[in-house]
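Morning, everyone. I have a few minutes on side chains, so let me put the structure up.

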Amino acid sequence: MSSPVVTRFAPSPTGYLHIGGARTALFNWLYARHHGGRMLLRIEDTDRERSTQGAIDAIIEGMRWLGLDWDGEVIFQYARAERHREVAESLLASGNAYRCYATAEELAEMRERARAEGRPSRYDGRWRDRDPAEAPAGAPYVIRLRAPTEGETVVEDAVQGRVTWANRDLDDLVLLRSDGTPTYMLAVVVDDHDMGVTQIIRGDDHLTNAARQTQIYRALGWEVPAMAHIPLIHGADGAKLSKRHGALGVDAYRDLGYLPSALRNYLVRLGWSHGDQEVFSTDEMVSAFDLKAIGRSPARFDFAKLENLNGLYIRGAADADLVAGIEAMLPTIGAARGLSAPLPELLRETFIAAMPGLKERAKTLIELLDSAYYLYAARPLALDEKAKGLLGEEARARLAEVLPVLEALPEWNAAATEAAVRHFAESSGVKLGQVAQPLRAALTGRTTSPPLFDVLAVLGRNESLARLRDQAARS
RNA sequence: GCUCCCAUCGUCUAGCGGUCUAGGACGUCGCCCUCUCACGGCGAAAACAGGGGUUCGAGUCCCCUUGGGAGCGCCA
């Protein structure tokens with residue numbers, strides 16, 4: 001009992017899976033899952049110059065990380081070039097397309113003049129009704145669609161509503177290049193048709209393409225799939241998303257310490273809403289998702305909100321999952337902290353044991369890792385001179401007591417440190433996290449005095465100091 | 001330049017002609033909790049771009065202006 005709904009995500013492998021693409025993929029995925037249908041993944045690699053294997057890998061890995069699975073095999077558009085060519089030939093045979101021998105120079109001049117005269121810049125159809133016999137023998141040609149010149153082309157869009165173009169504003173697009181390869185416009189139509197796509201969901205930068213593709217569908221006598229063009233995501237300043245504001249690959253978000261569940265939740269609320277609900281489990285998203293609730297105006301990317309959501313998800317995550325997430329980031333961010341890919345078993349277990357106290361205050365996995373600094377700090381431990389300078393009188397006095405002990409700490413294992421710090425925390429009646437962060441601050445001097453004061457107070461008054469000293473002496 | 005799309009707090013948004021003295025969330029600012037930070041709780045400031053219509057009545061419908069955005073390739 002297969003459902004008729006088929007969506008597809010069709011990125012071109014010319015870079016990483018950026019945040020806008022990730023949201024498009026998410027919407028396609030949600031729509032398909034909501035309707036019990038299938039989502040296909042098609043790599044649009046017909047541009048041989050710019051497509052790279054690295055980009056393909058990055059896209060696939062990005063989707064996996066985000067938890068967006070697709071149905072069936074990945075489809076590569078380039079592999080279908082022969083089929084595209086056949087379709088172009090059939091259009092030529094049916095009279096819905098024609099050979100155009102205009103040179104690149106002619107086309108450039110055409111555009112320039114049209115622009116100068118304030119006319120829309122488009123192909124003037126000079127070979128549309130001309131006898132191909134007039135072309136210089138052996139001259140290269142492209143195949144163009146013989147598009148209607150009168151009437152209008154209408155796109156019924158689930159998000160944008162009914163959008164209309166006068167056919168005179170749409171020119172005869174190229175279907176097959178002079179080297180015999182298909183253009184994007186032809187390939188998309190043929191592939192979506194052959195793949196049985198029923199619902200196209202993509203960025204609204206494709207809205208104009210939707211009209212031109214509709215003309216191709218009509219010329220072919222094929223049914224036009226339902227369309228939904230979603231608004232683009234903009235940067236914090238309202239301008240087009242650039243690297244500066246978040247047009248990073250999803251791998252960058254992973255390395256910034258964001259959880260895929262949090263990113264999904266953030267992304268789904270960008271342009272889509274369900275009443276006042278802000279937090280959605282994956283199941284809730286799937287059941288609530290509806291194209292009609294997608295807005296038409298572009299949304300700006302806001303790191304602050306993503307971060308808030310991420311903190312929420314971290315607090316609710318399983319301890320082992322958080323540590324697994326941290327480990328996944330280690331290849332890129334571990335070196336700076338003296339940590340590498342698979343955590344030693346004992347350290348990993350200690351990390352997990354420390355999570356309940358630490359995750360209460362972390363907004364990203366990076367913060368979580370840093371707050372656990374006391375577990376993996378280089379030994380012997382030493383307090384930062386600058387940090388010491390920030391202390392008040394009372395704290396300074398306490399420091400005098402504690403410092404010799406801290407500075408005497410030799411090589412030490414994480415479990416022992418965890419046990420000692422946990423003991424401090426418990427016997428002082430505070431949460432582990434309240435000790436961990438200040439401890440890191442005291443060791444690195446990366447924070448101002450309040451937390452530093454705190455850890456010293458905890459350490460200084462704690463009776464387990466003696467135990468700590470004993471342990472240190474033993475090892 | 002041409003075509004198309006968009007316009008509610010700083011940001012994401014609710015609002016589908018009257019229930020809007022415009023709701024929620026993030027952020028910001030206060031207060032509480034607390035040995036700091038965070039979490040949590042309470043509260044505050046904060047928006048219908050402007051102008052014309054239509055209507056008994058407009059944030060909600062229409063038009064114009066202004067302001068954004070996208071597209072205009074033998075790129076995708």
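I'll take the aromatic rings, then arginines over rings, then one glutamine.

A word on sources: this is a predicted model, where local features need pLDDT of at least 70, side-chain atom pairs count only at pLDDT 80 or more, and totals for chains, interfaces and linings use all residues. Residues are numbered from 1 along each chain as its sequence is written, chains are lettered from A and ligands numbered from 1 in the order written, and side-chain values use heavy atoms, leaving out hydrogens and water.

Rings now. There are nine aromatic pairs. Rings of Phe, Tyr and Trp (its six-membered ring) pair with centres within 6.5 Å; planes under 30 degrees apart are stacked, over 60 edge-to-face, the rest tilted. Y253 and Y258 have ring centres 6.2 Å apart and planes at 45°, so that pair is tilted. Both are buried, meaning under 20% relative accessible area with a 1.4 Å probe, protein chains only. W272 and F280 are also tilted, because their planes sit at 55°, with centres 5.3 Å apart. W272 is buried at 1% relative accessibility. F280 is buried at 1% as well. Ring pairs also link Y253, Y258, Y266, F301 and F303 into a cluster.

Next, charges over rings (NZ of Lys or CZ of Arg within 6 Å of the ring centre and within 35 degrees of the ring normal). R48 lies over the face of Y78, 3.7 Å from the ring centre. R144 does this over Y123, at 3.6 Å.

Last, Q215. Its relative accessible area is 4%, so Q215 is buried.

Definitions and conventions: Buried means under 20% relative accessible area, exposed over 50%, partly exposed in between (1.4 Å probe, protein chains only).
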